[in-house]
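Subject: Structure handover

Hi there,

Here is the structure I promised to pass on to you. Please open it next to this message and follow along as you read.

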Amino acid sequence: MKVLHIITCLDQGGAEAVLSRLVAAKKEGVEYSVISLKGRGFYGAVLEASGMQPYYFQFARFFELASLFEFVRLVRLIANLAPDVVQTWLYHADLIGGLAARLAGCRRVVWGIRTAALSPVLNSRFTLAVVWICARLSGAIPVAIATCSVAAAKAHKKMGYDPSRFQVIPNGFDLTLYKPDLAARQLLRQQWGIADRELLFGCVARWDVYKDHPNLLQALSIAAARGLKLRCVLVGGGLITSNITLMGLLSKYNLENSVVLAGSRADIPAVMNALDFHVLPSVSEAFPNVVAEAMACGTPCIVTDVGDAALIVGDTGWVVPPASPDLLALALEDARKSFENKSDAQRRIDARNRIVDNFSLEKMTQSYVNLWQSVASS
């Protein structure tokens, strides 16, 4: 079975990471190809290192002539590859890739939706227009829509997507990679200047309005004012000293000496091991990968109640409403008390076991293969 993946880009992000894991977990009888509509990106290099050669396009603005030429080239490439199934990822790829696949003669298209909610304030008019068009075409272009979360499926049905097309496939994780690792923990904490028993919170998320870092920083400030001695590391694109807005927030909340800015890193399993607790302060998510990645490493999580975050955490961590820094601060304080309690070790075991039992890479991969086989035989 030949499966062609079409994704908007291959930069660092949740959908891109899942695609990379899915392709790397080779399944007998399945042959993969990957097309990125916007260049090579971080995961293009990752896929190349694994022995795959993705196809890169340079789509510009939707209505520019250059994009029209790229669209024609995309249709021709799909026709030449002659896939049994086309799996698209993210809204723009759903629309562009789905239309191109149909024009190339492939009707077995599966869309991929990775977002739980769309805010008119936080999204461009163009993206909102693409989603509106996709909703109207969802009964005609894709034969199925794969989404990573229950929350995402529910939200998009309300937006007008064909409810009969959805199949929820939770993200899966390589548990030989994401696992407790004391050596990695000690090494990274030394690099960051964090003592062995010093409490360390962390947040792995790019600088983005949806991730709501200001919520976390305000909560850290509130907790510090109440006497909580803390350190926090921020990992992700844009979390560097040249980010003027971020530096202003650190100054405003008097956190310059409490927060480590680590920027983008590729060693996320080591990062998760270095933390005592991972914090997800987001205002919107679908299936936040970082929560499961942290828990797989035995690191409990404090999350806002967005997307499937609460479902992932279960009773192993803390769940607070989004954009509620006072309540997030209380959760940070409670986590500190937990850290000093004898039950802390069991919480860490329970966190990993929840991911092992429910969100393995093998389970996700097999679910996708079953979907594609069903589509290919229809």
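Predicted model: local features only at pLDDT ≥ 70, side-chain atom pairs only at ≥ 80, totals over all residues.

**Salt bridges**

How many salt bridges does the structure hold? The count comes to 14. I picked out a few pairs for you to look at.

Start with Glu48, which is bridged to Arg40 with the closest N and O atoms 2.9 Å apart. Both partners are partly exposed: Glu48 has a relative accessible area of 26%, and for Arg40 the value is 42%.

Next comes Arg226, which forms a salt bridge with Glu333, again with 2.9 Å between the closest N and O atoms. This pair links distant parts of the chain, as its two residues are 107 residues apart. Arg226 sits in the loop between helix H8 (213–225) and strand S9 (231–235), while Glu333 belongs to helix H13 (residues 325–339). Are the two partners buried or exposed? Arg226 counts as partly exposed because its relative accessibility is 44%, whereas Glu333 is buried because its relative accessible area, 19%, is under 20%.

The third pair is a local one. Arg348 is bridged to Asp344, with the closest N and O atoms 2.8 Å apart. Both residues lie in helix H14 (residues 344–358), where four residues, about one turn of the helix, separate them. Arg348 and Asp344 are both buried. Elsewhere, salt bridges with shared partners join Arg185, Arg189 and Asp276 into one network.

**Helix packing**

Two helix pairs are worth a look. In general, two packed helices are described by the angle between their axes and the distance between the axes.

The axes of H8 and H13 come within 8 Å and cross at roughly 60°, so the two helices are oblique to each other. Their crossing is right-handed. From H8, the contact is made by Asn215, Leu216, Gln218, Ala219, Leu220, Ile222 and Ala223. H13 brings Pro325, Asp326, Leu328, Ala329, Leu332 and Glu333. Sorted by class, the contact of H8 with H13 has nine nonpolar, two polar and two charged residues.

The other pair is helix H11 (residues 289–296) with H14, the helix that holds Arg348 and Asp344. Here the axes are 7 Å apart and the packing angle is about 120°, which means that H11 is oblique to H14. The crossing of H11 and H14 is left-handed. H11 contributes Ala292, Met295 and Ala296 to the contact, and H14 contributes Ala351, Arg352, Arg354 and Ile355. By class, these residues divide into five nonpolar, no polar and two charged.

Which residues does Phe173 contact, leaving aside neighbours within four places in sequence? They are Arg21, Phe287, Asn289, Ala292, Glu293, Ile355, Phe359, Ser360 and Leu361. Among them, Ala292 and Ile355 also take part in the contact of H11 with H14.

Cys106 lies in the loop between helix H4 (91–103) and strand S5 (109–113). Cys106 is buried too, with a relative accessible area of 8%. Not counting residues up to four places away in sequence, Cys106 touches Pro83, Asp84, Val86 and Ala101.

**Backbone notes**

Most residues other than glycine have a negative phi, and most peptide bonds are trans. Two residues here deserve a check on that score.

Ala82 is not a glycine, yet has a positive phi of about 50°. Its place is the loop between helix H3 (65–81) and strand S4 (85–89), and Ala82 counts as partly exposed at 43% relative accessibility. Leu90, likewise not a glycine, has a positive phi of about 80°. Leu90 is in the loop between S4 and H4.

Key
Residues numbered from 1 in each chain as written. Heavy atoms only, no water. Salt bridge = Lys/Arg side-chain N within 4 Å of Asp/Glu carboxyl O. Buried < 20%, exposed > 50% of the residue type's maximum accessible area, 1.4 Å probe, protein only. Axes fitted to C-alpha atoms, helices over the stretch in contact; angles between N-to-C directions. Parallel < 35°, antiparallel > 145°, perpendicular 65-115°, else oblique. Left-handed = near helix turned anticlockwise from the far one by under 90°. Contact = heavy atoms within 4.5 Å. Nonpolar A, V, L, I, M, F, W, Y, C, P; charged D, E, K, R; others polar.
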